[in-house]
Structures are given as C-alpha cells and as structure tokens.
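Morning, everyone. I have one structure to walk through today. Please take a look at it first.

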Amino acid sequence: MMKRHIYGSLALAGLAVAQASAAIHGPFIKPLRAPSESERSVFRPVSRIVFVEDRLWILHDDGSLVSLKAGEPTSETIGTHGKVLDICRSGSRLVAIVAADDGRWRISSRTLIGWDVLASVAFKNERAAALGCSPDDRTIEVITNRRLLEISGGRLRTVLLSQTLEPRFAFGTVSANDDSIWIGFNIGEWGGGLKRIRRQDGKVETIENISRPELCAGPLNTSCDPVTGIVQSPSKPECIIASIGLVHMSSHGRIIEVCGEKVRQLYSKTLGANLPTTSNTGDDFNTTAFFSLARSGDTVWAVGNDGIYGFNGSQPRFSSLPQFEERAGYRISFDIPGLVLLMTNVNQRRSLSGAVPIMTAR
C-alpha cells in the first residue's frame with residue numbers, strides 16, 4: 001500500500017519523465033498514448049520467441065503459436081491441441097508445454113510431422129509458472145506453483161516445492177548448476193524478483209539484496225524489480241546473470257550477477273548519458289530498463305529501451321536499436337548477427353511501457 005501511495009503521489013512528476021524519455025525510446029510507442037490501429041497490428045502481445053532450425057517461433061499471450069521462416073514474408077499458425085503455456089529451445093529442437101483439453105499438460109518437442117509427446121502430466125488447481133531447457137538437450141524443467149517436474153533420459157521426476165509460488169507473470173528459468181534452478185518473475189510495477197529452487201528436495205528460497213531501508217532500494221528487490229531474463233554466466237558456471245526492467249512513470253533497470261546468495265550489480269546506465277552507474281545500490285529511477293537477455297557463446301546480450309548491450313568484459317559493447325521491419329503482422333529485426341528482435345506490447349498489461357523489444361539467440 002505504501003508503495004502504491006508513493007507512486008500515486010509521484011504521478012505528475014512521473015508523467016513528465018515518461019514523456020521526456022519517450023523520445024529516447026526510438027521505435028517504442030509512447031507509454032502514455034494509446035496506439036493507433038496500424039500500431040496495434042504490429043505491436044502484438046508476444047510473451048516468448050525462440051529461434052530453432054532457421055525458424056522463429058512466436059508465442060502469443062493467449063497461448064497461440066506461430067512460426068516464421070527467416071527471409072519469408074508470411075507466417076504459419078501451428079496446431080497444438082491446446083493452449084501453449086511456454087516454449088524453449090532444447091539443443092536443436094523446440095519444446096512446448098501445452099494445457100490440453102483433457103486436463104493434462106503435455107510437454108512435447110516439435111518434429112517435421114508434428115509433436116512428439118515427452119511427458120503427460122495431470123494437473124488440478126495448479127498453474128504452470130515456466131519452462132526451462134538445458135542448451136545441451138539433457139534436461140527439461142517445468143516449474144508449477146506447487147511442483148518441479150524434470151524430464152531427463154526419457155524419465156519424468158516430480159518434486160514437491162517447499163512453498164507455493166505465485167507465478168502470475170513468470171519470465172524464464174535457467175539451471176545455474178546441477179543443484180539449483182532459478183526462476184524470475186515479472187509483475188511490472190509490483191516487482192517480481194528471483195527465486196532459487198533446490199533440485200534435490202524442492203526447497204524454495206527468495207534471493208534478494210536490499211542495500212538500504214529506503215523504498216525500492218536494490219540491487220535486487222522483490223517488491224520493486226521485475227526480472228525479465230536469466231542466463232547462465234559464461235565465465236562462472238555456478239552463477240547466473242539476470243536483467244531487470246520496468247517503464248512505469250519513469251524507467252528503471254540494471255543487469256545483476258547472482259552467485260549463491262550473493263547479488264551484485266554488473267551494470268546500470270542513466271538515461272540520456274553514456275556513463276555507466278556502477279554503484280551497488282541499484283535504486284535509481286531514471287536508468288535503462290532491460291527487457292530481455294540472450295547468451296551466444298561467451299557473450300551475454302541484453303536489450304534495453306535505448307539499445308543493445310553485449311557483455312563479455314567489464315564494459316558492454318553498445319549499439320542503437322536496429323530498424324524493425326513489418327513482417328507477417330509483426331515488427332521484427334534480423335539485422336544483428338546471431339540475434340532476432342521482436343517488438344511486443346505484452347508488458348502493457350502490467351506497466352506503462354508500451355511496446356518493448358524482446359530477443360532470442362539464433
């Protein structure tokens with residue numbers, strides 16, 4: 001309640017900040033203006049994109065799945081016999097979790113002729129939070145609000161969680177090592193944060209670092225920080241790197257590293273300046289918001305509301321957002337080698353961000 005009251009008190013000041021920062025956002029819809037009919041057709045609520053076998057797989061917020069081949073102008077709607085809850089890339093194949101009409105979840109991989117069901121799980125009064133795939137096609141994880149489901153070597157393993165999760169809007173999971181699974185939550189102006197699940201017994205731990213008692217102090221604050229992406233650290237396999245991003249009245253975000261229970265800020269940048277904010281407090285409200293992460297080899301890529309950042313050293317390589325072309329009813333860019341970007345307004349349901357780019361590695 002205190003947080004909402006303070007946000008309300010800052011509404012007029014935040015309005016000016018949002019309008020001023022909209023000019024920085026480039027191709028974004030201005031947060032406080034309703035999109036036109038033509039803009040609505042290309043800023044669709046896409047929750048996840050995955051690139052597999054020269055095709056971009058696009059998951060809509062309503063659970064429908066579309067496939068778009070690189071270089072072609074048209075898309076194909078994919079039949080799934082149910083609502084697709086999440087997708088991920090496992091090795092060289094697409095994996096999806098589908099809520100079928102018969103009251104079961106089907107975890108399936110895409111083949112040339114359709115879907116190969118890897119596991120079928122009954123659910124009742126249960127919600128899927130997120131789906132995770134290991135890059136080497138070794139393990140697939142499904143996290144629900146009550147269970148951890150792991151598929152490995154053709155076998156399904158189920159572990160009850162030590163506490164019930166409230167996933168609502170979950171964005172991505174990653175296995176930091178053989179012991180733990182990480183899950184980030186994005187609930188917009190209400191934060192989200194990061195949780196770690198122990199594989200062995202399902203123990204759930206909230207990971208955060210609140211530097212000071214002030215409202216929304218960071219670098220990782222569950223009540224204020226939406227976690228929008230997670231990847232395993234290329235240089236420290238036991239650690240993860242996560243992105244934080246929110247545009248709601250003002251812009252707020254950073255890149256953090258988490259090793260065990262230790263959280264530190266890797267990068268933050270004040271909007272309108274080219275100098276990084278390197279303090280570990282992470283509580284600035286006029287910083288670049290990051291909306292997606294992808295790892296390609298030893299480089300971690302982050303897409304913010306002012307451009308693309310490539311991390312493989314102490315300071316990132318920066319480039320402005322590319323031009324987005326309209327293709328099959330979407331705004332997409334294949335211009336950056338190894339990456340695909342797509343504009344989506346899915347964050348509009350929980351903040352004033354308007355359209356933002358999300359990203360996947362090719």
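Predicted model: local features only at pLDDT ≥ 70, side-chain atom pairs only at ≥ 80, totals over all residues.

Overall picture. The protein has three helices and 30 strands. It has 362 residues, and 55% of them count as buried. The accessible surface comes to about 15,600 Å². Carbon and sulfur atoms hold 50% of that surface. Now contacts along the sequence. Take those in the protein with a separation of 6 or more: 47% of them come from residues 24 or more positions apart.

Next, a sheet. Please find the open sheet of four strands, in the order β27-β28-β29-β30. The pairing is antiparallel. Which strands sit at the edges? They are β27, residues 325–327, and β30, residues 356–361. Each of these pairs on one side only. Neighbouring strands of this sheet are turned by 35 degrees against each other on average, with direction ignored. Now zoom in on β29, residues 339–344. Six bridges join β29 to β30, and the two run antiparallel.

Go to Leu194, in strand β15, residues 192–198. Is Leu194 buried or exposed? It is buried, because its relative accessibility is 2% and the cut-off for buried is under 20%. What does Leu194 touch, leaving out residues up to four places away in sequence? The list includes Trp182, Ile183 and Gly184. Glu205, Thr206 and Ile207 are on it too. Ile207 is 13 residues from Leu194 along the chain, and their C-alpha atoms are separated by 5.6 Å.

Now the backbone. Most residues other than glycine have a negative phi, and most peptide bonds are trans. Here are some exceptions to look at. A cis peptide bond joins Gly218 and Pro219, with omega at about 15 degrees. Pro219 falls in strand β18, residues 219–220.

Then come two positive phi values. Asn125 is not a glycine, yet its phi is about 55 degrees. Where is Asn125? It is in the loop between β8, residues 114–122, and β9, residues 128–133. Asn125 is exposed, because its relative accessible area is 62% and exposed means over 50%.

The other one is Asp137, again not a glycine, with a phi of about 65 degrees. Asp137 is placed in the loop between β9 and β10, and β10 covers residues 139–144. At 33% relative accessibility, Asp137 counts as partly exposed.

Asp137 forms one with Arg93, and the closest N and O atoms are 2.9 Å apart. This pair links distant parts of the chain: Asp137 in its loop between β9 and β10, Arg93 in strand β6, residues 93–100. The two are 44 residues apart. Arg93 is partly exposed, with a relative accessible area of 23%.

Next pair: Lys269 and Asp306. Their side chains meet in a salt bridge at 3.1 Å, N to O. Why does this pair tie together separate parts of the sequence? Because Lys269 lies in the loop between β22 (262–267) and β23 (290–296), while Asp306 lies in the loop between β24 (299–304) and β25 (307–311), 37 residues apart in sequence. Lys269 counts as buried, at 5% relative accessibility. Asp306 is buried as well, at 14% relative accessible area.

Last pair: Glu150 and Arg157. Their side chains meet in a salt bridge at 2.9 Å, N to O. Glu150 is buried, with a relative accessible area of 9%. Arg157 is partly exposed, at 34%. This pair belongs to a network of salt bridges, which links Glu141, Glu150, Arg157 and Arg199.

That is the tour. Over to you for questions.

Note on methods: Residues numbered from 1 in each chain as written. Heavy atoms only, no water. Buried < 20%, exposed > 50% of the residue type's maximum accessible area, 1.4 Å probe, protein only. Contact = heavy atoms within 4.5 Å. Pairing = 2+ DSSP bridges. Axes fitted to C-alpha atoms, helices over the stretch in contact; angles between N-to-C directions. Areas by Shrake-Rupley, 256 points an atom, 1.4 Å probe, with all protein chains shown as cover. Salt bridge = Lys/Arg side-chain N within 4 Å of Asp/Glu carboxyl O.
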